[in-house]
Amino acid sequence: MTTSAFGVGIGWRPEIAGYVAGLPGLRFTEVVAESLHTHAPLPDGLAELVGRGVRVIPHGVKLSLGGAEPIRDERAAHLHRCAELLGAPLVSEHIAFVRAGDLEAGHLLPVPRTREALDAIVANVRRAQAALGGVQLALEPIAALFDWPDPELTEGEFLTEILDRTGCALLLDIANVYANARNRGEPPAALLDELPLERIAYVHVAGGVQQGGYYHDTHTDPTPPEVLALVKELCARTVPPALMLERDGDYPPAATLTAELDAIAAAAGWPAIT
Amino acid sequence: MTPPPDLAARQRALVAALVAGGEVPAGFDAAAVRATTAALRRKRAGEVAARWPFLAASYGDAWVPTFAAWAASRPPNGSLRDGWDFALAAGDTLPGLAREELAAREAEYAYDGESAPVPRRRGLLSRLRRR
């Protein structure tokens, strides 16, 4: 068995900082870049992890790479400063837009799978890369309940062309793959056949809930067995450098998080980190 | 024949439908867009509850629907401002605990209702103390 570089991880959030710091086998985590103040020292728990040699990746959520308008360079520069502060060789962001003109969506929104949108994303990614000064950028496809009408490319073609033209790595969110497939009524593993899995920088795993006729990728519910099955399917095809649980609220007791992390490790066939 | 609206205009129309009470643009699955709108309001209610725990708690189980109804045609401004604007809009109906939380925020920040609240003490020492 080829060994994963970093194994199973969990996203660092202030509410669960103590739990994350107490994980004996932890080698990989992520922090929301917009929550860091780069003019001030790192939060205590995070500084301790960096000191222990845990890889901490800044994860941006507000850059709006998929927006028709050019990204603001200071947002990309912030990602760069976060990477320097954390000693991270990589930052990540989404293939999505979060604002349009004067309106903030407060959420990651899908982009149309058209040539026009593809060119806009590539231009924004290149602009971000210029501000990142050699720090690698990994791009994450999102989950959405709807698609734009009249796509010109399949999801696999669209994502692969963005990666090819920008040289970016792929942050594959396996829960997003599951959510989109379930809501479209497609087999969840189908997208895996279309993506360049060898370009995966790391993988997100998260929970969700079926509500009102849709599967919602909430990050506040347990990871369902179907997502764990897709983790297993992915790890049968490739060995991703890390599998990271994203939990963003309604934090359960430590024992529940431990069981979830152990279940992810078991699905991958990797050692537990708890 | 007029050219189709450009990407910027189409993206703005979609965001307006999701957060500002706009019409769902033609061609979209309207039910799925509306379901997204509802999910966004629930998520926003959760984010405001994390930033304004006493405000949210003082409404109990009614918090999410009450906040979601208020937020229906108001685009998000971040959880600090969203909670603040909600509390001000509630006026005399604001429960006691929430009133205390609002007073504490007013002591900490100057907020004109139009732009981001500004911390009242901007010295390095106070910034360090807050961490």
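This is a predicted model: local features need pLDDT of at least 70, side-chain atom pairs count only at pLDDT 80 or more; totals for chains, interfaces and linings use all residues.
**Entry 1: Ala72(B)**

I began with Ala72(B), which is partly exposed because 13 other C-beta atoms lie within 10 Å of its own. For burial I used C-beta atoms placed from the backbone: 20 or more others within 10 Å is buried, 12 or fewer is exposed, and in between is partly exposed. Ala72(B) sits in the loop between α4 (63-71) and α5 (79-90) of chain B. Helices here are DSSP runs of H or I with at least four residues, strands are runs of E with at least two, and both are numbered from the N terminus. I also looked up Ala116(B): it is 44 residues from Ala72(B) in sequence, and their C-alpha atoms are 21 Å apart in space.

Residues are numbered from 1 along each chain as its sequence is written, while chains are lettered from A and ligands numbered from 1 in the order in which they are written.

**Entry 2: helix α8 of chain A**

Next I checked the length of α8(A).

Which residues of α8(A) are buried? I found Val227(A), Leu230(A), Val231(A) and Leu234(A). They cover an arc of only 110 degrees around the axis (taken from the directions from the axis to the C-beta atoms), so they are on the same side of α8(A). A handy reminder: an α-helix has 3.6 residues a turn, so residues three or four places apart point the same way. On the other side of α8(A), Pro225(A) and Ala236(A) are exposed.

The buried residues of α8(A) pack against α6, α7 (190-194), β9 (200-206), β12 (242-246) and α9 (254-268) of chain A. Contact means C-beta atoms, placed from the backbone, within 7 Å.

**Entry 3: α6 against α8**

I then followed up on α6 (174-184) of chain A, which packs against α8 (225-237) at about 120 degrees, with the axes 9 Å apart. Axes are lines fitted to C-alpha atoms over the stretch in contact, and angles run from 0 to 180 degrees between N-to-C directions. From α6(A), the contact uses Ile174(A), Ala175(A), Val177(A) and Tyr178(A); from α8(A), Glu226(A) joins Val227(A), Leu230(A), Val231(A) and Leu234(A).

**Entry 4: chain A meets chain B**

Last, I looked at the contact between the chains, with 24 residues from chain A and 27 residues from chain B. β6(A) gives the most to the chain A side, with six residues.

Notes. Two residues are in contact if their C-beta atoms, placed from the backbone, lie within 7 Å.
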